[in-house]
Amino acid sequence: MASQSFQQKSLDSPDETRTFENGKAEVVTLGDFTASRLVFEPGWRWSENVKPIAGTDSCQVLHTGYHVSGRLHVRLDDGTEEEFGPGDAYVIPPGHDAWVVGDEPVVTVDMSRVTAEEYAKEE
């Protein structure tokens with residue numbers, strides 16, 4: 001039987017940091033598992049700050065994770081809207097816009113591999 005061992009990395013020392021206007025994505029990878037801390041400053045909006053990087057009309061990344069702080073409003077391409085706040089676990093399907101509500105930064109920890117591999121990544 002193969003032995004298993006702990007794996008640990010801190011999002012405070014990420015493997016990769018992607019910065020964009022009013023925000024950043026910090027990514028750690030542990031084998032097949034990834035985690036991304038997304039930080040959005042007041043005034044951040046996906047359609048203004050990340051769309052030029054993504055090159056799509058709306059965010060096409062699946063997000064699954066935990067909302068740490070701040071408030072985030074999300075509108076799906078079909079017009080459905082939801083707001084997320086501290087303590088919320090979330091699944092946000094591809095095809096959305098999002099923006100910070102209020103004057104507190106949004107911090108979320110996203111567990112989606114697609115987020116780690118694609119979100120705000122320059123091609």
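This is a predicted model: local features need pLDDT of at least 70, side-chain atom pairs count only at pLDDT 80 or more; totals for chains, interfaces and linings use all residues.
**Notebook: a buried Asp, a buried Arg and some rings**

I started with Asp110, which is buried (under 20% relative accessible area, with exposed over 50% and partly exposed in between, 1.4 Å probe, protein chains only) and yet has no salt bridge. A salt bridge here needs a side-chain nitrogen of Lys or Arg within 4 Å of a carboxyl oxygen of Asp or Glu, and the nearest side chain of opposite charge, Arg18, is 10 Å away from Asp110. For charge, Lys and Arg count as positive and Asp and Glu as negative, while His and the chain ends are not counted.

Residues are numbered from 1 along each chain as its sequence is written, and side-chain values use heavy atoms, with hydrogens and water left out.

Next I asked what the side chain of Asp110 does reach. It gets to the backbone nitrogen of Ser112 at 2.9 Å, and a polar contact of 3.2 Å joins it to the side chain of Thr115. A polar contact is a pair of N or O atoms within 3.5 Å; within protein, one must be able to donate a hydrogen and the other to accept it, and residues adjacent in sequence count only if both atoms are side-chain atoms.

Then I looked up Arg18, found in strand 1 (residues 16-20); strands are DSSP runs of E, at least two residues, numbered from the N terminus. Arg18 is buried too, with a relative accessible area of 5%. Its side chain makes a polar contact with the side chain of Glu16 at 3.0 Å. A polar atom of the Arg18 side chain also lies 2.6 Å from the backbone oxygen of Tyr119.

Last, the rings. How many aromatic pairs are there? I get four, where rings of Phe, Tyr and Trp (its six-membered ring) pair if their centres lie within 6.5 Å, with planes under 30 degrees apart stacked, over 60 edge-to-face and the rest tilted. Phe40 and Trp44 are stacked, because their centres are 3.8 Å apart and their planes are at 10°. Both Phe40 and Trp44 are buried. Phe84 and Tyr90 have centres 6.1 Å apart and planes at 65°, so that pair is edge-to-face. Phe84 is buried at 12% relative accessibility, and Tyr90 is buried at 7%. I also noted that ring pairs link Phe20, Phe40, Trp44 and Tyr119 into a cluster.

Note on methods:
Helices (H or I, at least four residues) and strands (E, at least two) are DSSP runs, numbered from the N terminus.
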